Amino acid sequence: AAKQREIHREEVAKHRTRDSVWVTYKDGVYDVTEFAAAHPGGAARLMLAAGGAIDPFWAMYAQHQTAEVRQLLEQYRIGTL
Ligand code: HEM
(Lines give C-alpha, C1' and ligand atoms only; values in the text may rest on other atoms or scores of the structure.)
Protein backbone atom coordinates (compact mmCIF):
# COMPACT_ATOMS: atom_id res chain seq x y z
CA ALA A 1 0.00 0.00 0.00
CA ALA A 2 1.19 3.53 -0.71
CA LYS A 3 2.66 5.44 2.18
CA GLN A 4 0.57 8.47 2.98
CA ARG A 5 2.96 10.78 4.84
CA GLU A 6 1.93 14.34 4.05
CA ILE A 7 4.68 16.23 2.23
CA HIS A 8 4.47 19.90 1.22
CA ARG A 9 5.47 21.18 -2.22
CA GLU A 10 8.18 23.33 -0.62
CA GLU A 11 9.86 20.19 0.71
CA VAL A 12 9.59 18.44 -2.65
CA ALA A 13 11.21 21.45 -4.34
CA LYS A 14 14.40 20.96 -2.28
CA HIS A 15 15.00 17.59 -3.95
CA ARG A 16 16.06 18.58 -7.45
CA THR A 17 19.67 17.43 -7.81
CA ARG A 18 20.99 14.02 -8.85
CA ASP A 19 21.77 13.35 -5.15
CA SER A 20 18.05 13.41 -4.35
CA VAL A 21 15.29 13.56 -6.94
CA TRP A 22 11.70 13.93 -5.80
CA VAL A 23 8.74 14.55 -8.11
CA THR A 24 4.97 14.76 -7.79
CA TYR A 25 2.28 13.21 -9.95
CA LYS A 26 -1.32 14.16 -9.16
CA ASP A 27 -1.30 14.10 -5.33
CA GLY A 28 1.51 11.56 -5.02
CA VAL A 29 5.11 12.29 -3.98
CA TYR A 30 7.88 10.07 -5.32
CA ASP A 31 11.60 9.66 -4.61
CA VAL A 32 12.99 8.67 -8.02
CA THR A 33 16.68 9.18 -7.17
CA GLU A 34 17.54 5.56 -7.93
CA PHE A 35 15.42 5.44 -11.10
CA ALA A 36 16.80 8.62 -12.71
CA ALA A 37 19.86 6.97 -14.26
CA ALA A 38 17.68 4.17 -15.68
CA HIS A 39 15.04 6.45 -17.24
CA PRO A 40 14.46 5.32 -20.86
CA GLY A 41 14.05 8.98 -21.86
CA GLY A 42 17.39 9.86 -20.25
CA ALA A 43 18.30 11.30 -16.85
CA ALA A 44 18.56 14.83 -18.25
CA ARG A 45 14.93 14.85 -19.38
CA LEU A 46 13.73 13.44 -16.08
CA MET A 47 15.71 16.13 -14.23
CA LEU A 48 13.65 18.83 -15.98
CA ALA A 49 10.85 17.82 -13.61
CA ALA A 50 13.01 17.31 -10.50
CA GLY A 51 11.56 19.00 -7.44
CA GLY A 52 8.18 19.52 -9.07
CA ALA A 53 5.28 18.04 -10.99
CA ILE A 54 5.77 15.56 -13.82
CA ASP A 55 2.12 15.92 -14.90
CA PRO A 56 2.74 18.49 -17.68
CA PHE A 57 5.66 16.46 -19.06
CA TRP A 58 3.71 13.23 -19.03
CA ALA A 59 0.85 15.01 -20.80
CA MET A 60 3.33 15.82 -23.59
CA TYR A 61 5.07 12.45 -23.73
CA ALA A 62 2.30 9.85 -24.16
CA GLN A 63 4.73 6.96 -23.57
CA HIS A 64 3.93 7.38 -19.88
CA GLN A 65 0.17 6.81 -20.24
CA THR A 66 0.29 3.08 -19.48
CA ALA A 67 -0.52 0.93 -16.44
CA GLU A 68 3.07 -0.37 -16.45
CA VAL A 69 4.59 3.09 -16.11
CA ARG A 70 2.09 4.02 -13.37
CA GLN A 71 3.01 0.84 -11.47
CA LEU A 72 6.69 1.61 -11.82
CA LEU A 73 6.16 5.11 -10.45
CA GLU A 74 4.09 3.84 -7.49
CA GLN A 75 7.06 1.74 -6.35
CA TYR A 76 8.85 4.99 -5.51
CA ARG A 77 6.00 6.61 -3.58
CA ILE A 78 7.00 8.26 -0.30
CA GLY A 79 3.90 10.30 0.50
CA THR A 80 0.99 12.50 -0.47
CA LEU A 81 0.79 16.26 -1.03
C1 HEM B 1 10.09 7.08 -21.58
C2 HEM B 1 9.31 6.77 -16.82
C3 HEM B 1 9.84 11.58 -16.45
C4 HEM B 1 10.38 11.89 -21.23
C5 HEM B 1 9.82 6.58 -20.33
C6 HEM B 1 9.57 5.19 -20.00
C7 HEM B 1 9.37 5.11 -18.68
C8 HEM B 1 9.47 6.44 -18.14
C9 HEM B 1 9.08 3.83 -17.87
C10 HEM B 1 9.50 4.04 -21.03
C11 HEM B 1 8.09 3.95 -21.55
C12 HEM B 1 7.92 2.90 -22.61
O13 HEM B 1 8.42 3.11 -23.72
O14 HEM B 1 7.29 1.87 -22.35
C15 HEM B 1 9.41 8.06 -16.30
C16 HEM B 1 9.33 8.38 -14.89
C17 HEM B 1 9.49 9.74 -14.80
C18 HEM B 1 9.66 10.25 -16.14
C19 HEM B 1 9.08 7.36 -13.77
C20 HEM B 1 9.52 10.63 -13.58
C21 HEM B 1 9.61 10.18 -12.35
C22 HEM B 1 9.98 12.12 -17.71
C23 HEM B 1 10.06 13.51 -18.04
C24 HEM B 1 10.20 13.59 -19.39
C25 HEM B 1 10.22 12.24 -19.91
C26 HEM B 1 10.01 14.65 -17.02
C27 HEM B 1 10.33 14.79 -20.29
C28 HEM B 1 10.79 15.96 -19.93
C29 HEM B 1 10.40 10.62 -21.73
C30 HEM B 1 10.61 10.29 -23.12
C31 HEM B 1 10.53 8.89 -23.23
C32 HEM B 1 10.27 8.39 -21.89
C33 HEM B 1 10.87 11.28 -24.24
C34 HEM B 1 10.70 8.04 -24.48
C35 HEM B 1 12.12 7.57 -24.62
C36 HEM B 1 12.33 6.69 -25.84
O37 HEM B 1 11.52 5.78 -26.05
O38 HEM B 1 13.28 6.93 -26.56
N39 HEM B 1 9.74 7.32 -19.17
N40 HEM B 1 9.61 9.20 -17.02
N41 HEM B 1 10.07 11.37 -18.87
N42 HEM B 1 10.22 9.46 -21.01
FE43 HEM B 1 9.91 9.33 -19.02
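Q: In what order do the 4 strands of the open sheet lie?
A: This is a predicted model, in which local features need pLDDT of at least 70 and side-chain atom pairs count only at pLDDT 80 or more, while totals for chains, interfaces and linings use all residues. Residues are numbered from 1 along each chain as its sequence is written. Helices (H or I, at least four residues) and strands (E, at least two) are DSSP runs numbered from the N terminus, and two strands pair if DSSP finds at least two bridges between them. The pairing in the open sheet is antiparallel, and the order of its 4 strands is β1-β2-β3-β4.

Q: Which are the edge strands?
A: An edge strand of this sheet pairs on one side only. That applies to the strand of residues 16-17 and to the strand of residues 77-80, namely β1 and β4.

Q: Which residue in β4 stands opposite tyrosine 30?
A: Strand β3, residues 28-31, pairs with β4 in the antiparallel sense over 3 bridges. Glycine 28 stands opposite threonine 80 in β4. The residue in β4 opposite tyrosine 30 is arginine 77.

Q: Over how many bridges do β2 and β3 pair?
A: Threonine 24 stands opposite valine 29 in β3. The two strands form a hairpin with 2 residues between them. Strand β2 covers residues 20-25, and its antiparallel pairing with β3 runs over 4 bridges.

Q: Is lysine 26 buried or exposed?
A: Lysine 26 lies in the loop between β2 and β3 and has a positive phi of about 50° although it is not a glycine. A residue is buried if 20 or more other C-beta atoms, placed from the backbone, lie within 10 Å of its own, exposed if 12 or fewer do, and partly exposed in between. Because lysine 26 has 9 C-beta neighbours inside 10 Å, it counts as exposed.

Q: Which residues does tryptophan 22 touch?
A: Tryptophan 22 belongs to the largest nonpolar core. Two residues are in contact if their C-beta atoms, placed from the backbone, lie within 7 Å. Not counting residues up to four places away in sequence, tryptophan 22 touches Val12, His15, Val29, Tyr30, Asp31 and Gly51.

Q: Which element gives the largest share of the shell around the ligand?
A: A residue is near a molecule if its C-beta atom, placed from the backbone, lies within 6 Å of it. The ligand is surrounded by 18 residues, the closest being Pro40, Gly41, Arg45, Ala49 and Phe57. Two or more residues come from each of α3 (43-47) and α5 (67-74). The largest share, 3 residues, is that of α5.

Q: What radius of gyration does the chain have?
A: The C-alpha atoms fill a box of roughly 30 × 25 × 20 Å along the principal axes. The radius of gyration is taken over C-alpha atoms, and the globule rule is 2.2 Å times the number of residues to the power 0.38. For 81 residues a compact globule would have a value near 12 Å, which agrees with that of the chain, 12 Å.

Technical notes: Core = buried A, V, L, I, M, F, W, Y, C linked by C-beta atoms within 7 Å.
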